[in-house]
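Me: I would like to learn how to read a model of this kind feature by feature, with the general idea before the particular case. Could we go through it together?

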Amino acid sequence: MGATLVLLRREIKKWVGRRPVFVMSMITPLIWLALFGKSLNLYSMFNLEQPGFAELIQRIVEQRVLELFGTLDYFTYLASGMLVVFALFQSAFGGVGIVFDKRLGYMTRLLVSPIPRASIFIAKIMGTLFRISVLSVVLFAAALALGFQVKQGITLLDLAAAGAVILLLSLGLASIYATMAFYANNHEVLFAAMNLINLPLMFTSSAIFPREQMPSWLRAIAAVNPITHAADLVRYHLIGRPVNSYMHSLGLLAAFSLILFLAGMALSLRSLKESR
Amino acid sequence: MEECSIKAQDLTKQFGQLTAVDHVSFCVKPGEVYSLLGPNGAGKTTTIKMLATLLQPTAGEAWIKGHSILREPHMVRRAIGLVPQDLTADDELTGWENVVIQAKLYGFRGVEAERRAKEALDFMGLLEAAQRRVSTYSGGMRRRLEVAMSLVHSPEVLFLDEPTLGLDVQSRRHLWGLIEELRRQGKTILLTTHYMEEAEALADRVAIIDHGRIVAEGSPEELKSRIKGETIHVRLRDPGQTIALAEKLSKELGVDAEAKGDTVTVRVKSSAETLPGLVQVVSGMPVVEIRIVKPNLEEVFLELTGRGLRDEEFDVFKFRVMARRVRR
């Protein structure tokens, strides 16, 4: 445990110490929100100006939008999904640091010291979770500033629960990328994997669009996509959109993350045993 | 077994078809500086990596202070300090931060970790630069920082893998002085190098390693005495007389003499024994210079392997520093 904390502190020190990277990673969430969220305001498309019978249509549209998105404001829908997608991308970046520690020889230092091998893996994952925590708070604050509408009667417990869901998802995702990084010899492999995995994972989830509107084959994928369940749970807590089955989503997410974390750790330790 | 601080027994490592280390056995006594001397690719680094528990041997076994590298890697890691060939310090952090983290990885906390870091940095002459980022360090400073990081837990056994590779003469001498000091403190040191002067200057005993095998072992003096004696070069003012002189020396002294240009080269067992006779033979000839060449490890290596030590020297260290700069 001691070694894990020492290594975690190193991760944080390096992150904060890299000023340009730190500042950029703080600004990125803002840009994401501004670009993705504000440019795609679906509801305004149906905002009819004609009086009279238009009011009826307006009400029908409102009802439908509310049903699908759980809010009349698409920005609010999307921003809550973005919290989850952002964690996905940050998890992937976490792997890059591992590749560099390997290439720049620091891993040799760690391996020749008497620390438990698992602490190397765990510290990397915790470092990634730490970065995600900080950036999620920034992202959420930015969303609020841009007009994010939280559900009525939101409590601190809701905020904490949403945060916990994001971290639970990140645990699994960060484990995938960390494991890849322990086996990869250069960071390009990781970026390629990121492009291969992240975008499909994002678009086959409910992060951007409700899955009820998807064609059935896509809905089937979305139903097992952990991003979907994380996004659904986060939305439930932040904007009050009902979730099909809370326990089902949470169970699936927990199983996904714990299995990947344990499998990732086992595989990573194996790669460390015979490092070259 | 306890007589050896480092003991290797038939240590072997294969990478696919390639046998990088081939049944290497040796024993380094406590307080001894032992050098593995050989060209690049001879298996020196692979040997050190196995001893430092970074690589699993294909066959064989080794013990560090009686702890098996196979069964008690944890104990081995506590006992050793490794200065790898690669630069391992984190160049985004300061020298101080690097060494403190290192101390903490060995379980030292707070004040004790800082005291040790300070001591190690001070010893390596880096205290002044301690608060600077490692990326601003010179090559020599980076090397010294590597050593400081390896000393912070006061290991009794120290592995130095090509510690002065690519350093300029001044930095090299500086580092040699520090290694000498570490020896005086009683550390057992295993040093790999392909610099002859380095092995001669620092090592109590040298193992010459080539193609993964130890081809000779002994103190630098012992190894040099394997070369059959010394050579005497006699240079004449008149090149026309060298052949006659060579023949005369062979006949009268029974030595192996060879004429080339204006010089006659004589191979003898001991110049002290041969010189009086030789001087008599050459008296009256137009001698410009008589030079005696004592054997050095370079010659030993040449004799044993038929190749020079630095046939294909490629400056790996400089290349790495450059590569790091590019990657940043």
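Me: How many of the residues of strand β3 (residues 33–37) of chain B are buried?

Reply: Before the count, note that this is a predicted model, in which local features need pLDDT of at least 70, side-chain atom pairs count only at pLDDT 80 or more, and totals for chains, interfaces and linings use all residues. Residues are numbered from 1 along each chain as its sequence is written, while chains are lettered from A and ligands numbered from 1 in the order in which they are written. A residue is buried if 20 or more other C-beta atoms, placed from the backbone, lie within 10 Å of its own, exposed if 12 or fewer, and partly exposed in between; strands are DSSP runs of E with at least two residues, and helices are runs of H or I with at least four, numbered from the N terminus. In β3(B), five of its five residues are buried.

Me: Which residues point one way from β3(B), and which the other way?

Reply: In a regular strand the side chains alternate between the two faces of the sheet. Here Val33(B), Ser35(B) and Leu37(B) point one way, whereas Tyr34(B) and Leu36(B) point the other way.

Me: Which strand do five bridges join to β3(B)?

Reply: Two strands pair if DSSP finds at least two bridges between them. β3(B) is joined to strand β8 (residues 188–193) of chain B, in parallel, with Tyr34(B) opposite Leu190(B). Four bridges also pair β3(B) with strand β9 (residues 205–210) of chain B, again in the parallel sense, and there Leu37(B) stands opposite Ile208(B).

Me: How many residues has the largest nonpolar core?

Reply: In soluble globular proteins, nonpolar side chains tend to be buried together. A nonpolar core is a set of buried Ala, Val, Leu, Ile, Met, Phe, Trp, Tyr and Cys residues joined through C-beta atoms within 7 Å. The largest one has 142 residues, and those with the most contacts inside it include Val84(A), Leu51(B) and Phe159(B). Helix α5 (residues 74–103) of chain A supplies the largest share of this core, 15 residues. A second, separate core of 11 residues includes Ile232(B) and Val268(B).

Me: With which residues is Phe159(B) in contact, leaving aside its neighbours within four places in sequence?

Reply: Two residues are in contact if their C-beta atoms, placed from the backbone, lie within 7 Å. For Phe159(B), the partners include Ile48(B), Leu51(B), Leu82(B) and Leu190(B), and Leu190(B) is also the residue that stands opposite Tyr34(B).
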